[in-house]
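Thank you all for coming. I would like to walk you through one structure, taking the contact between its chains and then its cavities and pockets.

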Amino acid sequence: MPESGDSKGFTSTNLRLKIGLAEMLKGGVIMDVMNVEQARIAEEAGATSVMALERVPAMIRAEGGVARMAKPSLIKQIIQAVSIPVMAKARIGHFAEAQILQELGVDFIDESEVLTPADEAHHIDKHAFTTPFVCGARNLGEALRRIAEGAAMIRTKGEAGTGDVVFAVRHMRQITREMRALTVLSEQELYAAAKEHQAPYELIRMVAHTGKLPVPNFSAGGIATPADAALMMQLGAEAVFVGSGIFMKERATPLDVENNPKEREEAVSRAKAIVIATTHFNDPKILAEASEQVTGTMKGLAAAALEESQLLQTRGW
Amino acid sequence: MNEKPAPPRIGVLAIQGDYAAHAEALIESGAVPIEVRKAEDLAGLDGLILPGGESTTMLKFLERSDFFGALQGFSAHRPVFGTCAGAILLAREVRNPHQRSLGALDAVVERNAYGRQIDSSILTAETALAGGPLEMVFIRAPRIVQTGAGIEILASRDGLPTLVRQANIMAATFHPELTRDRRVHQAFVDLVSASLLRSDSSHTG
């Protein structure tokens with residue numbers, strides 16, 4: 001990306017503001033919430049942001065059907081209920097959903113593989129929006145293609161809704177390994193590297209010089225425990241998203257935080273402990289204490305046992 | 001003492017937020033940054049920065065194991081600079097919604113005062129700091145709606161202060177760490193160095 005003041009460059013006001021908000025979320029936990037009560041629990045536990053959706057990935061996975069943007073009324077209720085930034089998901093390529101989310105005042109839009117893709121070839125042109133976007137990636141090339149389209153934050157895709165962290169680890173390791181490999185190439189070798197990663201040369205060159213993405217690099221997709229959060233942070237994630245890990249009991253059943261005090265307490269304990277673990281990711285003593293506070297963990301689904309057709313991470317390109 | 005004094009060691013509250021950007025800005029301004037995640041990390045620091053991020057999240061951590069009290073004690077004796085969420089934490093009173101604050105800065109601060117992320121903006125305005133107008137990056141920014149008598153206003157937006165100083169305390173409602181202009185961090189590092197000189201002379205005198 002050129003270092004000019006054009007509307008798509010990293011020095012443009014639009015992109016600086018978008019990346020600016022992503023900077024503020026570093027070191028924190030972004031939690032999926034399906035109603036106002038969950039949003040309040042998340043804020044109270046110390047989440048830096050909430051992701052408003054109708055069904056968390058574990059439920060989408062269990063129930064099937066077309067997964068779309070959340071209802072505007074739900075998003076508005078959640079915006080009203082908390083003082084922290086509110087995110088929401090749009091389907092891959094569904095720029096009309098994104099326009100609606102921007103109009104509703106959502107602070108960050110996740111163009112997400114968790115929802116059913118709306119376009120088989122094109123992701124959203126994210127430069128066309130004032131609201132910042134986060135996109136998932138499995139490798140460096142995919143991350144840089146999303147950044148070229150205007151994403152202000154990258155997160156690993158992992159395998160959402162499983163409670164199995166193995167793919168988030170694979171994707172984070174892959175992205176960091178590929179970035180490290182670029183830093184030792186000569187200037188002449190960067191052109192071929194751009195071709196290999198199928199990413200714009202200017203972005204490849206930027207990563208080769210700095211050793212990191214030009215936008216914040218977060219992790220998502222299967223993080224379910226305080227230890228998972230600490231693992232991703234130690235592997236280089238700058239913050240974590242927790243989807244189904246906080247409010248789900250069984251794979252298709254959420255904890256009843258509205259009517260069952262014991263289940264509410266369990267959700268609170270998970271949320272708080274993951275927040276503490278993300279900040280103190282390098283302090284095993286605090287990690288042990290935080291892990292001890294958790295009264296239960298989502299029943300997971302081993303991601304390795306999933307059929308290729310059941311994977312969400314292969315959506316998008 | 002004729003030797004050049006050692007660079008000041010300035011903590012950056014690293015619960016969450018853009019603490020890494022502040023650490024970089026401190027290095028560029030001639031200070032040594034130290035990440036602070038618990039009360040014990042404050043020991044031996046010459047000053048402290050409370051970065052941008054989510055003030056509600058930071059507050060949760062401060063309210064555990066009396067980190068809050070330790071910060072209040074620190075801010076009574078050492079220079080502290082808060083940006084955005086940090087300015088909210090330093091305030092005497094916080095509105096929209098009300099939340100607990102350290103009370104180190106005699107000011108009332110209103111959260112998310114300009115609206116949501118789509119209302120975030122970058123403006124350039126006059127400043128009392130030498131060197132011409134200052135670029136200010138506002139991200140879901142708060143507003144300082146009332147200030148006490150002892151507060152010096154160094155920059156403003158629409159008639160309300162955006163950069164203030166009160167003895168050893170500085171606060172900005174914008175993010176100087178997200179620009180290339182280092183004048184604001186330099187002003188804070190100078191404040192820290194001056195406070196060190198004062199405490200040196202009080203020891204020897």
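How many salt bridges are there between chain B and chain A? The count is five, where a salt bridge is a side-chain nitrogen of Lys or Arg within 4 Å of a carboxyl oxygen of Asp or Glu. Before going further, please note that this is a predicted model, in which local features need pLDDT of at least 70, side-chain atom pairs count only at pLDDT 80 or more, and totals for chains, interfaces and linings use all residues. Residues are numbered from 1 along each chain as its sequence is written, chains are lettered from A and ligands numbered from 1 in the order in which they are written, and side-chain values use heavy atoms, with hydrogens and water left out.

One of the pairs that form a salt bridge is Lys38(B) with Asp283(A), whose closest N and O atoms are 3.4 Å apart. Across the same interface of chain B and chain A there are 18 residue pairs in polar contact, both residues being at pLDDT 80 or more; a polar contact is a pair of N or O atoms within 3.5 Å, and within protein one must be able to donate a hydrogen and the other to accept it, while residues adjacent in sequence count only if both atoms are side-chain atoms.

The size of an interface is often given as the accessible area lost when the parts come together. Here the area buried between chain B and chain A is about 2700 Å², with carbon and sulfur atoms giving 58% of it; buried area is the accessible area (1.4 Å probe) that two parts lose on being put together, summed over both. In chain B, the residues that lose the most area to chain A are Arg116(B), Gln117(B) and Ile118(B), together 22% of what that side buries. The contact, meaning heavy atoms within 4.5 Å, takes 34 residues from chain B and 37 residues from chain A.

On a 1 Å grid over the protein atoms alone, a cavity is a set of points where a 1.4 Å probe fits but cannot get out, a pocket is an open set with protein on both sides within 12 Å along at least five of seven lines, and lining residues have an atom within 4 Å of a point. Grid points are joined across faces, edges and corners, and a volume is the space filled by probe spheres set on the points.

The largest cavity has a volume of about 190 Å³, and among its 24 lining residues, Pro57(A), Ala160(A), Ala220(A), Gly221(A) and Gly243(A) lie nearest its centre. The second largest cavity, of about 120 Å³, is lined by 13 residues, with Gly53(B), Glu54(B), Cys84(B), Asn112(B) and Arg140(B) nearest its centre.

The largest pocket has a volume of about 1200 Å³, and of the 31 residues that line it, the closest to its centre are Ile19(A), Glu23(A), Lys212(A), Pro214(A) and Glu24(B). The second largest pocket has a volume of about 520 Å³ and is lined by 21 residues, of which Ile276(A), Ile286(A), Glu289(A), Arg64(B) and Ser65(B) lie nearest its centre.
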